[in-house]
Amino acid sequence: MVAPGSEDRPRQGRRPFRAQLNKLRWLVLSLVFLMLLALPFLAVYQSYVAAHAYDLMSPSEQHFYDFMAWLTGPITDNPEQDFNLVKGTTWSGTLFGLRLSDPLAVLSQIAAEHRVFTAFLLTGLIPLVATLLLGRIYCGWICPATFLYELNDNFAVVLRRLGIRLPHRRLDTRFKYLVLLVGLVLSAATGAVVTAAIYPPAIIGREIYYAVAAGGFGSGAAFFLVTLLFDLLVARRGFCRYLCPGGALYSLLGRYRLVRIQRVVGDCNDCAKCNAVCEFGLDPMRDGFGQECNNCSACIAVCPTDALVFRLTPRDQAPQGPGHLGREYKRSQALQSGEAGEGGRTEAA
Amino acid sequence: MRRRTFLERLMQGAVLAGAAAVPVGFNYLMAPTAKADPTRHLRPPGAPHDDRAFNAACIGCGLCGEVCPPRCIRFYRHQGGHKVNTPYIDPEQKACILCGLCMEVCPTDALVKTPRDEIRMGIAQIDRAACYPWVDKGVCGACAVVCPLGEKAIGFAFANMYRPVVKKGCVGCGQCVEVCPHPDKPIRIVDVALGTVVPQPAVPGGGAPPPAPAAGGGLLPY
């Protein structure tokens, strides 16, 4: 894949920090997911400490209590109070006293209630500002469903290697905006926050809690399984790309984001690895990022010549033509130097 | 011709909107509305009296259940239609202790912070044709003993140590229901408008309820 020309800049020594961001992202995703797994257990333990007599517990509950006491003993000696610092899910929760909510939750609650509850509106402010500046980072860096969807996508790669043919349809990415609109309209019409039930990160947080602390999975688990199958059997990352109402909202909010991935055309060799790795089917090789990019930096990590960089700018670059390390550009340069008057076939890419 | 293209566009729009509603519809299919016994599906304390207002305000985040120390707050997981993922309390399983943590943690106005005496989850209603002391089947008084609000909410009939009488101060937490030893739970939490005593048939002709002693509790031999 890497252009073999001798004058190509070989990758020397350590890669830049931005190339490690994808690993950092995976770390963040895993931590958020682990947190969502751990919080229900902590909540159960907390309720045991606060309101249950040890002697009256069943043996299994006592085992659980002892285990949690051993696990959390080094961290806290007052589990009843201290575990209140982190509560809830990514849909809405408390992080060290700071209340945060998903902007989609705020928007659909306003739609369902037909009025604005200011205290709740404020909880959505930090995520909103973060999205305005950084784009869909929630989708790429935090969303617990993304964690599972990317694992699902890797599973699909394994299946393909085993020779199982999986279809990979491309649908219209604008469909999710319609899902968002219909969700909000239905919320307003039925007086219930219906988007909560079709938004995978809300489902994941809730279903983990249900399974651990409330007696078993709810109906959302089935919904999520169907979306996993949709991703596997219909379209790669299909739910996020084409259906997710939250993704639609974040895409709209992140349209004029300040932090963008851009291509340095002088370093690009047209290998198209970025296009292959992009889970959202974007076109980094031809500067096609748009509002759907979630700044996940997978393309930066995979780029063999480190030609993709983060820049502070509210707009994407206009298409810059083939990369200067690629064959096509060199051919056009040779033509140009050979016979004057050739306009450079930059458009032909 | 232009009219035809307009109609075609309209049809396409309708089909697309219908397709966009498929996830929501799927969810309704997975969690169908079920007839629920309202006395076993109380909303947590601080909820507005109008259940539709509560449903519109609740985003289904589950925080109230997560902080509840006795873990009495449950969720509509498989049923409820548009109520799915909203919380309820079944006092027959586990009753609210009125600690107020759920009201504190709720991010929306679904659960509003309310002083303990002003909470209105409902009111306890006693079936005097079943309650053990009321039908002279023994002494009990568990409901009055366990009540977190004490004398304001539940007391005994005049000159009788054990026949419970619910008073206006009852907030409907359901502790009495949880503790009631009768298998049929002659004490239940109902809507405040329904009153504190189960209305008895005027003529005891149905055969079911044995003659209860004069309602209101007189001087009765024990």
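**Entry 1: the two domains of chain B**

I looked up how domain 1 and domain 2 of chain B meet: ten residues of domain 1 are in contact with twelve residues of domain 2. Two residues count as in contact if their C-beta atoms, placed from the backbone, lie within 7 Å. By class, the side of domain 1 of chain B that touches domain 2 has seven nonpolar residues, one polar and two charged. Here Ala, Val, Leu, Ile, Met, Phe, Trp, Tyr, Cys and Pro count as nonpolar, Asp, Glu, Lys and Arg as charged, and the others, Gly among them, as polar. I noted the bounds as 35-115 for domain 1 of chain B and 122-194 for domain 2; such bounds come from an automatic or database domain assignment. The C-alpha centres of these two domains are 23 Å apart.

Residues are numbered from 1 along each chain as its sequence is written, while chains are lettered from A and ligands numbered from 1 in the order in which they are written.

**Entry 2: confidence**

I checked pLDDT, the predictor's confidence in each residue, from 0 to 100. Chain B has a mean pLDDT of 85, with 90% of its residues at 70 or more. For chain A the mean is 87, and 93% of its residues reach 70 or more. In chain A, pLDDT stays under 50 over residues 1-8, a stretch with 13 contacts beyond four places in sequence. Residues 342-349 of chain A are also below 50, and there the model has eleven contacts beyond near neighbours in sequence. In chain B, residues 211-222 stay under 50, with 14 contacts beyond four places in sequence. Where pLDDT is low, the predicted coordinates should not be read in detail.

I found domain 1 of chain A in two pieces, 1-40 and 258-349, and domain 2 at 85-257. Their C-alpha centres lie 27 Å apart. Between them, 23 residues of domain 1 of chain A are in contact with 33 residues of domain 2. On the domain 1 side, the elements giving two or more residues are α1 (21-51) and β4 (259-263) of chain A. Helices (H or I, at least four residues) and strands (E, at least two) are DSSP runs, numbered from the N terminus. Which element gives the most to this side of domain 1 of chain A? I found that α1(A) does, with ten residues. This side divides into 14 nonpolar, five polar and four charged residues.

**Entry 3: two helices within chain A**

I looked at α4 (103-113) and α9 (175-190) of chain A, whose axes come within 6 Å and cross at roughly 35 degrees. Axes are lines fitted to C-alpha atoms, for helices over the stretch in contact, and angles run from 0 to 180 degrees between N-to-C directions. From α4(A), I listed A:Leu107, A:Ser108, A:Ala111 and A:Ala112, which meet A:Gly183, A:Leu184, A:Ser187 and A:Ala188 of α9(A). This contact has five nonpolar, three polar and no charged residues.

**Entry 4: chain B against chain A**

I then turned to the two chains, where 38 residues of chain B are in contact with 42 residues of chain A. On the chain B side, α1 (2-20), α2 (22-30), α3 (51-57), α4 (63-67) and β1 (73-75) each give two or more residues. The most come from α2(B), with five residues. By class, this side of chain B has 23 nonpolar, nine polar and six charged residues.

I followed α2(B) to α11 (219-233) of chain A; the two axes come within 9 Å and cross at roughly 140 degrees. The two helices are therefore oblique to each other (angles under 35 degrees count as roughly parallel, over 145 as roughly antiparallel, 65 to 115 as roughly perpendicular and the rest as oblique). Which residues make the contact? I noted A:Ser219, A:Ala222 and A:Phe223 of α11(A), and B:Phe26, B:Asn27 and B:Met30 of α2(B). Four residues in this contact are nonpolar, two are polar and none is charged.

Definitions and conventions. Predicted model: local features only at pLDDT ≥ 70, side-chain atom pairs only at ≥ 80, totals over all residues.
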